[in-house]
Amino acid sequence: MKTFSFDDIGIAKIFSDYSLNIPAHQRDYAWTDEEVEQLFSDLEAAYRNSSEYFLGTIVAIEKTSSSDLNVVDGQQRLTTTYLLLTAIRDHLEAYNIGSDISTSLQNSYLFKSDRREGFKQRLSLNTDDRDYFKELTAQKRGDKWPPEPNRTSHRLLKNAYFKAKERVEGIAKSIAGVDAQDTFNSWIDYLENQAQVILLRAHDEGRAFKMFETLNDRGLRTSQADLVKSYLFGQSKTQIDIAQTKWSNMLENLQELGDDDPQVSFLRHHLIAFSGFVRMDGVYESIQSKYKNENSSITFLGSLSNNSRAYVATFNSDNDYWDSYSKVSRKYLSDFNMFDLKPMRPLLLAIAVNFNKKEFELAIKFLTSLSVRLVLTARTRSGVNEQAFADSAINISNKVILTSGDLIEALQKIVVSDKEFEEVFSVCRVSKTYLARYYLRELEHTSNTQREELEWVNDDVDDITLEHILPKSKKKDCWVNFSEEEHLENKNRLGNQCLLKKSRNNSMSNDSFEIKRKVFSESSISTTSAIAQYESWSPETINNRQLEMAKIALAAWPINKTCYTRK
């Protein structure tokens, strides 16, 4: 039995020959202005050169009882082309030219007569986009056209239509009015005959998804996330509606991250946290090998839906996921995210899902200390680190690691020792303002134990600012203790920086140390007021101050297990 058919066909002819449906579980319209413009520009260049243009492969599932096709791959190209044909129809009607052409477009390419449903669109989008698309491309329009978008995909559809309209108006302006009908007829002929696609028509979902996977494995298009979705939906069979809901819930949660496409990163991090280590390019194959039937696929989709909320929350300490967690937990999570060490992300996800609130507090504090030590010793890109984090993550999910103390023991092989950390801290230069502020804040919190409020030295840049004692740009008659070379070497040393009320900082500018010293002595920040003990400021003074800072740093970012024991 023949399981699939293929045709070399013009993309517009697909609309005249078939009714196309984007299944409910397929992704929303996603093309940006850049991608839309690229397609229209390529089409126009090929049209003007009288040459064929190949738009790739369209994969669809053929319904045996009708001429309807469910599109598995190709909806972005089909939708954008449909909008171009709609814009041509609208232009002809607006200028009252080529009524036969606009009627043909409406009845043969854009809509078809159905004795039960009346005029029916030849392209119907997924659940989220269907009604908006239908209203956007309708021939008869009310006063409130164009419809107001309420989703990102709606906005993109609206933009794509107006890009098509702009392109059609440009074509019309480039020709004499008398030639308009012939030109647009030629354009429609071109889209029907020379703007070619390969239409693969499968007779069942499994075969269609297999073709989709094979084509994408060969690098024709799409991301691993699309492949994963198609594979899992193909496995879901009788529970496809449940699969769609769970995937949509995951996407809705991930939207908070604001990344262009966070799906693959989340899928990988989820696999590492709950199944085992996998590299970025192996996500799809790993899922294929682990989830081979309907029930396991639905269970996995449920896990993705549920855990995506915790995953997103780990990026934002203000997320309402943390409302019942301690202020200390949220503070350290915020600190952790300044460093954004991606190999730790699966581990943090496993901790967020599996640890109770108190153990989470201890664990995130430890991971923050570890992050600081790894960053300052330039050991963040080690493959050994990534594997250690992955092993700990899966051991947490498998209930082998139950507490923060267990976690610290498991990560001992990658921990930066006190000796190495103190040595590096005592000579470090910090040019990033937000990191220097953070280090100085934590040193102050640690050294001034009389203060009860955890964040009394706040991170508000309008209140507390960063002061370079030896200025970044020094006056010629000041700072004579520093040669030009010593100025370059010392200006970004952490020992040369302090926190100060912004009003005081602004008043000092590049003043001499003698003038600054009096201001420092009056500061309520102990690590700043201590600077006044120095009679002068020199490379040796900076070095001595930073040696003292390094000793405090051991207590500010500890890695000893006893510091993370539940009390």
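A cavity is a set of points, on a 1 Å grid over the protein atoms alone, where a 1.4 Å probe fits but cannot get out. A search of the whole structure finds two cavities of 30 Å³ or more, a volume being the space filled by probe spheres set on the points. This is a predicted model, in which local features need pLDDT of at least 70 and side-chain atom pairs count only at pLDDT 80 or more. Residues are numbered from 1 along each chain as its sequence is written.

**Second largest cavity**
- The second largest cavity holds about 30 Å³ of space.
- Its lining residues (those with an atom within 4 Å of a point) are L341, P343, L374, T380, N385 and F389.
- Four of the lining residues are nonpolar, two are polar and none is charged.

**Strand 4**
- Strand 4, a DSSP run of E (at least two residues), spans residues 68-73.
- Six of its six residues are buried, that is, under 20% relative accessible area with a 1.4 Å probe and protein chains only.
- Strand 2 (residues 19-21) runs parallel to strand 4 and is joined to it by three bridges; strands pair if DSSP finds at least two bridges between them.
- L20 stands opposite L69 of strand 4.
- Strand 3 (residues 53-62) runs antiparallel to strand 4, with four bridges.
- I61 has N70 in strand 4 as its bridge partner.

**H468**
- H468 belongs to strand 9 (residues 464-468).
- H468 counts as buried because its relative accessible area is 11%.
- Beyond neighbours within four places in sequence, H468 is in contact (heavy atoms within 4.5 Å) with K491, N492, N496, Q497 and K516.

Definitions and conventions:
Heavy atoms only, no water. 1 Å grid on protein atoms, 1.4 Å probe; cavity = no way out; pocket = protein on both sides within 12 Å on 5 of 7 lines; lining within 4 Å. Nonpolar A, V, L, I, M, F, W, Y, C, P; charged D, E, K, R; others polar. Buried < 20%, exposed > 50% of the residue type's maximum accessible area, 1.4 Å probe, protein only.
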